[in-house]
Amino acid sequence: MNDAVSRTGRVERTTKESTVSVELDLDGSGRVEVDTSVPFYDHMLHSLGTHAAFDMTVRASGDIHIDAHHTVEDTAIVLGQALRQALGYKTGIRRFGDAWIPMDETLAHAAVDVSGRPYCVLTGEPEQYNTFTVGDNYPFVLNRHVFESLAFHAGINLHARVIHGRDPHHITEAQYKAIARALRAAVEPDPRFAATVPSTKGTL
């Protein structure tokens, strides 16, 4: 478990479908290196790390000759595990965060509670894009798998919603950026809780 001095996480996971490694520093400056062999996913994870102000290195390889699903979902699992590891005891964090992100015609909102109780609610994505593949490599329906896997394995309560939008690229990117900004706010040190956990229970 990490203390407040070093809020970092490093997780590796290998299955018959993928090999994933993630290194994460919550107190970074948005330095991100990503290579999952799924170009649009790389773009989204780069946006996530940049706008969360995390230093983040993600390496993944998998059976993308079959489908991007395994590699994308498994990467989200490992990212969630690294985030949970980096949070440690969660002493002195703000705990809650939310963000509104406009991207051209799209508006997305995300709210996060670093509660230790995993839950994910995703609403507002236009159903007509459920069969659409962004950039010919990232199926739009993977958004739900990514956000649910991240929330469950990080132990966070995550709500993300699309208020409106018509471009699946913009819709996806606005959600990733909203989640990033919400996470940034939630994991930031709060000087008023410097030596305590922000919970009436005394633990998160």
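**View 1. An open sheet of four strands with mixed pairing runs in the order S1-S2-S4-S3.** This is a predicted model, in which local features need pLDDT of at least 70 and side-chain atom pairs count only at pLDDT 80 or more, while totals for chains, interfaces and linings use all residues. Residues are numbered from 1 along each chain as its sequence is written, and side-chain values use heavy atoms, with hydrogens and water left out. Strand S1 (8-14) and strand S3 (32-35) stand at the edges with a single partner strand each, so one side of each has no neighbour in the sheet. On average, neighbouring strands here are turned by 0 degrees against each other, direction ignored. Helices and strands are DSSP runs numbered from the N terminus (helices: H or I, at least four residues; strands: E, at least two), and two strands pair if DSSP finds at least two bridges between them.

**View 2. Strand S2 (residues 18-25) and strand S4 (residues 55-62) run antiparallel, joined by eight bridges.** Look for Glu 23, which stands opposite Thr 57 in S4. Helix H1 (residues 39-52) packs on this sheet and touches S3 and S4, its direction making about 160 degrees with that of S3. Helix H2 (residues 69-87) also packs on the sheet, touching S1, S2 and S4, at about 145 degrees to the direction of S1. Contact means heavy atoms within 4.5 Å; axes are lines fitted to C-alpha atoms, for helices over the stretch in contact, and angles run from 0 to 180 degrees between N-to-C directions.

**View 3. A second open sheet of four strands, also with mixed pairing, has the order S5-S6-S10-S7.** S5 and strand S7 (119-123) are the edge strands, each with a single partner strand, so one side of each is left without a neighbour in the sheet. From one strand to the next, the twist averages 10 degrees. Helix H3 (residues 142-154) packs on the sheet through S7 and strand S10 (157-164), and its direction makes about 155 degrees with that of S7. H4 packs on the sheet too, touching S5, S6, S7 and S10, with its direction at about 150 degrees to that of S5.

**View 4. Strand S5 (residues 96-103) has side chains that alternate between two faces.** S5 pairs with strand S6 (residues 106-113) in the antiparallel sense over eight bridges. Asp 98 stands opposite Ala 111 in S6, and Met 103 has Thr 106 as its bridge partner. Two residues lie between the strands of this hairpin, where Asp 104 takes a positive phi near 50 degrees.

**View 5. H3 and H4 pack at an angle of about 10 degrees, their axes 11 Å apart.** The two helices are therefore roughly parallel to each other (angles under 35 degrees). Asn 143, Val 146, Phe 147 and Leu 150 in H3 meet Thr 172, Gln 175, Tyr 176 and Ile 179 in H4. The residues of this contact divide into five nonpolar, three polar and no charged.

**View 6. Tyr 138 is one of the residues that touch the most other members of the largest nonpolar core, which has 56 residues.** Such a core is a set of buried Ala, Val, Leu, Ile, Met, Phe, Trp, Tyr and Cys residues joined through side-chain atoms within 4.5 Å. Helix H4 (residues 168-187) gives the most to this core, with nine residues. Not counting residues up to four places away in sequence, Tyr 138 touches residues including Tyr 41, Val 72, Phe 132 and Tyr 176.

Definitions and conventions:
Buried < 20%, exposed > 50% of the residue type's maximum accessible area, 1.4 Å probe, protein only. Parallel < 35°, antiparallel > 145°, perpendicular 65-115°, else oblique. Nonpolar A, V, L, I, M, F, W, Y, C, P; charged D, E, K, R; others polar.
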